Amino acid sequence: MELTFTPSGFVATIPDTVVKRADEYSSVMMDNAELSCLAGAALAFPWTPDALAVEIGSYEGTTAAFLAESMFDAGHLNHIISIDPFERAPTSPGNPAGKYEVYLKTMHDRGLEDRCVPLVAFSHHAAPAVPDRIGFLIVDGNHEFESVQQDLALYAPKVLPGGFIFLDDYTEAYPGVVRATDEFVEASADFTLLHKSWFAILQRTG
Ligand SMILES: C[S@@+](CC[C@H](N)C(=O)[O-])C[C@H]1O[C@@H](n2cnc3c(N)ncnc32)[C@H](O)[C@@H]1O
């Protein structure tokens, strides 16, 4: 299936196996249309064995597992680092804390424990421990403006040329995500906005 990102016109391709998996893994966190675009961007990166996928905010690990399996189908055995303080995260309506035991079970049940590696920490504490070899970065942790701004400041420089940043919840319900994303795109000479709808996708082009 071909997916055309808006407003860039960037075309991503996903195999039928990924289309089916997106239906299977569709959740309240990310629906099948969003997962399809996420996989389309991830599979467009020219993966080398040492490149990493990083998800800030993993919750129960559903999206990380979807990404790992979709990358595996394409022959990419790269590690996915799941950064989340889990039960220590502050909660509010629309912002649940992650569930560490559920995350571990998600990976155990799917045989992904060797590739999906939890880093149980707040994203700003974890940043110094994360290598600057990120091919695909998901920003979906704390949705307040200052946190998203900080996540982009700390992690975007670790994204490899041609790599992608996927920001979830680019919607009116999360004004901090929208503002931090817009300001980052406006200020950054290195990243190009490929897509925006209820999520946003950027690519490192500089
Ligand atoms: C919307 S959920 C993530 C959903 C997940 N990406 C998915 O698609 O299934 C947000 C997660 O961010 C985590 N979180 C909150 N503050 C965080 C922070 N400062 N650093 C990393 N993760 C954080 C929460 O514990 C929660 O699990």
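The following legends describe close-up views of a predicted model.

Figure 1. Seven strands form an open sheet: the 7 strands follow the order 5-4-3-6-7-9-8, and their pairing is mixed. Strand 5 (116–119) and strand 8 are the edge strands, each pairing on one side only. From one strand to the next, the twist averages 20 degrees. Strands of a sheet pair through backbone hydrogen bonds, in either the parallel or the antiparallel sense. The antiparallel sense is found between strand 8 and strand 9, which pair over 5 bridges. Within this pairing, Thr192 has Gln203 of strand 9 as its bridge partner.

**Figure 2. Strand 6 and its two parallel partners.** Strand 3 and strand 6 are paired in the parallel sense over 5 bridges, and Glu55 has Ile138 of strand 6 as its bridge partner. Strand 6 and strand 7 also pair in the parallel sense, over 5 bridges; here Val159 of strand 7 is the bridge partner of Ile134. Of the 6 residues of strand 6, 6 are buried, so this strand is largely enclosed by the rest of the structure.

Figure 3. Helix 6 (residues 145–155) lies across strand 3 (52–56), strand 4 (80–83), strand 6 (134–139) and strand 7. The direction of helix 6 makes about 175 degrees with that of strand 6. Helix 7 (residues 175–187) also packs on the sheet, where it touches strand 7, strand 8 and strand 9. The angle between the directions of helix 7 and strand 9 is about 25 degrees. In a further contact, the charged end of Arg179 sits over the ring of Phe145, at 3.7 Å from the ring centre.

Figure 4. The model contains 10 aromatic pairs. In one of them, the rings of Phe5 and Phe10 have centres 5.5 Å apart and planes at 15 degrees; the pair is stacked because planes under 30 degrees apart count as such. Phe166 and Phe199 form another stacked pair, with 5.3 Å from centre to centre and 15 degrees between the planes. Phe166 belongs to strand 7 (residues 159–167), whereas Phe199 is in the loop between strand 8 (191–196) and strand 9 (200–204), so this pair ties together parts that are 33 residues apart in sequence. Phe166 is buried at 0% relative accessibility, and Phe199 is buried at 1%. Together with Phe136 and Trp198, Phe166 and Phe199 form one aromatic cluster.

Figure 5. The largest nonpolar core has 38 residues, of which Phe5, Leu38, Phe66, Leu67, Phe136, Phe166 and Ile201 touch the most other members. At least two residues of this core come from each of helix 1 (16–25), helix 2 (32–44), helix 3 (62–73), helix 4 (100–109), strand 6 and strand 7. Helix 2 gives the most, with 7 residues. A second, separate core comprises 28 residues, including Val54, Ala121, Tyr155 and Tyr174.

Figure 6. Residues up to four places away in sequence aside, Phe5 touches Phe10, Ala12, Cys37, Ala41, Leu194, His195 and Ile201. Glu2, in strand 1 (residues 2–4), is exposed, with a relative accessible area of 60%. Apart from neighbours within four places in sequence, Glu2 is in contact with Val11, Ala12 and Thr13. The C-alpha atoms of Glu2 and Cys37 are 9.7 Å apart, while the two residues are 35 residues apart in sequence.

Figure 7. The peptide bond from Thr6 to Pro7 is cis, with omega near 20 degrees. Pro7 is placed in the loop between strand 1 and strand 2 (11–13). Phe86 is not a glycine, yet its phi is positive, near 50 degrees. Phe86 is located in the loop between strand 4 and helix 4 and is buried at 1% relative accessibility. Asp169, also a residue other than glycine, has a positive phi of about 60 degrees. This residue, Asp169, lies in the loop between strand 7 and helix 7. Asp169 has a relative accessible area of 17% and is buried, because the cut-off for burial is under 20%.

Methods
Residues are numbered from 1 along each chain as its sequence is written. This is a predicted model: local features need pLDDT of at least 70, side-chain atom pairs count only at pLDDT 80 or more; totals for chains, interfaces and linings use all residues. Side-chain values use heavy atoms; hydrogens and water are left out. Rings of Phe, Tyr and Trp (its six-membered ring) pair if their centres lie within 6.5 Å; planes under 30 degrees apart count as stacked, over 60 as edge-to-face and the rest as tilted. Helices (H or I, at least four residues) and strands (E, at least two) are DSSP runs, numbered from the N terminus. Buried means under 20% relative accessible area, exposed over 50%, partly exposed in between (1.4 Å probe, protein chains only). A charge sits over a ring if NZ of Lys or CZ of Arg is within 6 Å of the ring centre and within 35 degrees of the ring normal. Two strands pair if DSSP finds at least two bridges between them. Axes are lines fitted to C-alpha atoms, for helices over the stretch in contact, and angles run from 0 to 180 degrees between N-to-C directions. Contact means heavy atoms within 4.5 Å. A nonpolar core is a set of buried Ala, Val, Leu, Ile, Met, Phe, Trp, Tyr and Cys residues joined through side-chain atoms within 4.5 Å.
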